[in-house]
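Please keep the sequence and the model at hand while reading.

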Amino acid sequence: MVPVVTRIETDKPYVFITIDDGAVQHPKARELMIEAGVWPSVFLNTKYAEGHKDYFKRLPVTVHSHTSNHPNLMGKGLEFQKNEICGNADFLAGDYGKRPTLFRPPFGNYDSATRQAAAGCGFKALVNWTAAVNDGRVQFQQGDRLNRGDIVLMHFRTTFVEDFTAFLNRAKQDGLTPVPLEDFLG
């Protein structure tokens, strides 16, 4: 089974931004990332990323897996989960030239079959999160600030600018530097 990672143990003031799905290809995403010097890890679904390879290839990101159709995997059979997870990894490998190494289950929901399927598909880790950004606000699972090693979840939505800016401001306020997740889980 793959290990489950919700935060990174580090003594450095690092925080990690991850962006899921790919439903909205916001035109300002690339510019914001480059201006901030922040290289997110993105977890794309086949159903949202299909047909948008040029958009995602232009972003300064590393692409990872988030299933083909974004189902809640918990309680589903092993074969169903393998099809969703491996199928997405195969699609991403074909479109981006490299098979993803990290997997995020939709809604953060997983069970032992999910971890087994992810391992069978060649993933190194199942990645969840400790904070999320929605509608321009950072929401914490515990406490009222970002801490070193936190993994933050965002989505490709119409509120991308507000969400990314809220993350950057909060990271700065809490004395943290965004760094690529792959530097620690690659």
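## Basis and overall form

A residue is called buried when its relative accessible area is under 20%, exposed when that area is over 50%, and partly exposed in between, with a 1.4 Å probe and protein chains only. By this criterion, buried residues make up 53% of the 186 residues in the protein. The model is a predicted one, in which local features need pLDDT of at least 70 and side-chain atom pairs count only at pLDDT 80 or more, while totals for chains, interfaces and linings use all residues. Residues are numbered from 1 along each chain as its sequence is written, and side-chain values use heavy atoms, with hydrogens and water left out.

The protein contains seven helices and 10 strands, where helices (H or I, at least four residues) and strands (E, at least two) are DSSP runs numbered from the N terminus. Its C-alpha trace spans about 45 × 35 × 25 Å along the principal axes. The radius of gyration, taken over C-alpha atoms, is compared with a globule rule of 2.2 Å times the number of residues to the power 0.38; a compact globule of 186 residues would have a value near 16 Å, and the 15 Å of the protein agrees with this. With contact meaning heavy atoms within 4.5 Å, 67% of the contacts between residues at least 6 apart in sequence join residues at least 24 apart.

## Helices H4 and H5

Helix H4 (residues 78–96) packs against helix H5 (residues 112–120) at an angle of about 45°, and their axes are 9 Å apart. Such axes are lines fitted to C-alpha atoms, for helices over the stretch in contact, and the angles run from 0 to 180 degrees between N-to-C directions. Angles under 35 degrees count as roughly parallel, over 145 as roughly antiparallel, 65 to 115 as roughly perpendicular and the rest as oblique; H4 and H5 are therefore oblique to each other. The crossing of H4 past H5 is right-handed, a label used if the near helix is turned clockwise from the far one by less than a right angle, whereas anticlockwise gives left-handed.

On the H4 side, Leu78, Gln81, Lys82 and Ile85 meet Ala113, Thr114, Gln116, Ala117 and Ala118 of H5. Sorted by class, this contact of H4 with H5 has five nonpolar, three polar and one charged residues, where Ala, Val, Leu, Ile, Met, Phe, Trp, Tyr, Cys and Pro count as nonpolar, Asp, Glu, Lys and Arg as charged, and the others, Gly among them, as polar. Thr114, which is found in helix H5, is buried, with a relative accessible area of 0%. Leaving aside neighbours within four places in sequence, Thr114 is in contact with Gln81 and Ile85, and also with Leu73, Phe103, Pro105 and Leu126.

## Helices H1 and H6

Helix H1 (residues 29–36) and helix H6 (residues 160–173) pack at an angle of about 15°, with 10 Å between their axes. This makes H1 roughly parallel to H6, and H1 passes H6 in a right-handed crossing. Ala29, Leu32, Met33 and Ala36 in H1 meet Phe160, Val161, Phe164 and Leu168 in H6; by class, the contact of H1 with H6 has eight nonpolar, no polar and no charged residues.

## Residues in loops

Thr67 is found in the loop between strand S4 (62–65) and H4, and its phi is near 85°, a positive value in a residue other than glycine. At 0% relative accessibility, Thr67 counts as buried. Asp135, in the loop between strand S7 (131–134) and strand S8 (137–140), likewise has a positive phi, near 50°, but Asp135 counts as exposed at 62% relative accessibility.

Asn109 lies in the loop between strand S5 (102–103) and H5 and is partly exposed, with a relative accessible area of 22%. Beyond its neighbours within four places in sequence, Asn109 is in contact with Asn72, Leu73 and Met74. Arg7, in the loop between strand S1 (4–5) and strand S2 (14–21), counts as partly exposed at 31% relative accessibility. Its contacts, neighbours within four places in sequence left aside, are Thr130, Asn147, Arg148, Gly149, Asp150 and Ile151.
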